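The exercises below ask you to work through one model step by step, with the sequence and the coordinates open beside you.

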Amino acid sequence: MADIVITSPTPLPATAPVEPTAPEPCWDLIELLFFAYRDFVRDPDGVLARLGFGRAHHRVLHFVNRNPGMKVADLLDVLKITKQSLGRVLKQLIDEGYVAQRAGDNDRRQRLLYVTPTGQALALQLADLQTRRILRVLTELGPGAYEAARSFLAGMIDAAEREHVLRMIAQADHARARPRDGGR
């Protein structure tokens, strides 16, 4: 078995050339994304596991917390999962008191989702763990890092969906500034 030697990555110059048709894959960036995601979800995974939840529960809590009154159909569209997969996760979150479901005011067939106070507390606890990791890195990188990271991540979203996602994020940010009932 060969020894594995891990070294610190060589920092790229601020004006590193970008080659959309590079002759070989960007192995380092691909692997960094895998490892970054692994560690980004590690702390929330521990909290969720103690509750008998997984990453799907985290995603549902996150988006319902950020978008109170979200329709189930919209959540399916955001998560890109099957109705059956969402149904199992959503049922558990509702049964255990983390999410509340109400019929729409105008269309009683609509199912609108809200986090309960317990669900909101958990969503905020998980977001806090991830925010600490993000802010630590952004602080280490210095001025301009937040916008550079935001631009890079937005650019990774398929072009056909990018504007929709950015609008959804902006609407959730705007809604957080307004008081809401949280489904109570």
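Two strands are taken to pair if DSSP finds at least two bridges between them. The structure is a predicted model, which the solutions keep in view.

**Exercise 1.** Determine which strands pair with E3, and in which sense.

Solution. Begin with strand E1 (residues 70-71), which is joined to E3 by two bridges and runs antiparallel to it; here Lys71 stands opposite Leu112 of E3. Turn next to strand E2 (residues 99-103), which pairs with E3 over five bridges, again in the antiparallel sense, and in which Val99 has Val115 of E3 as its bridge partner.

**Exercise 2.** Describe the largest nonpolar core and the surroundings of Leu86.

Solution. The core comprises 23 residues, and those with the most contacts inside it are Val60, Leu75, Leu86 and Leu93. Several elements supply at least two residues each, among them helix H1 (27-50), helix H5 (117-141) and strand E3 (111-115). Leaving aside residues up to four places away in sequence, Leu86 touches Val60, Val72, Leu75, Leu76, Leu79 and Ile81.

**Exercise 3.** Decide where the coordinates call for caution, using pLDDT.

Solution. For the protein chain, the mean pLDDT is 87, with 84% of the residues reaching 70 or more. Over residues 1-10, however, pLDDT stays under 50, and the model has zero contacts beyond four places in sequence for them. Residues 179-184 also stay under 50, although the model has 15 such contacts for them. Where pLDDT is low, the predicted coordinates should not be read in detail.

Definitions and conventions: Residues are numbered from 1 along each chain as its sequence is written. This is a predicted model: local features need pLDDT of at least 70, side-chain atom pairs count only at pLDDT 80 or more; totals for chains, interfaces and linings use all residues. Side-chain values use heavy atoms; hydrogens and water are left out. A nonpolar core is a set of buried Ala, Val, Leu, Ile, Met, Phe, Trp, Tyr and Cys residues joined through side-chain atoms within 4.5 Å. Buried means under 20% relative accessible area, exposed over 50%, partly exposed in between (1.4 Å probe, protein chains only). Helices (H or I, at least four residues) and strands (E, at least two) are DSSP runs, numbered from the N terminus. Contact means heavy atoms within 4.5 Å. pLDDT is the predictor's confidence in each residue, from 0 to 100.
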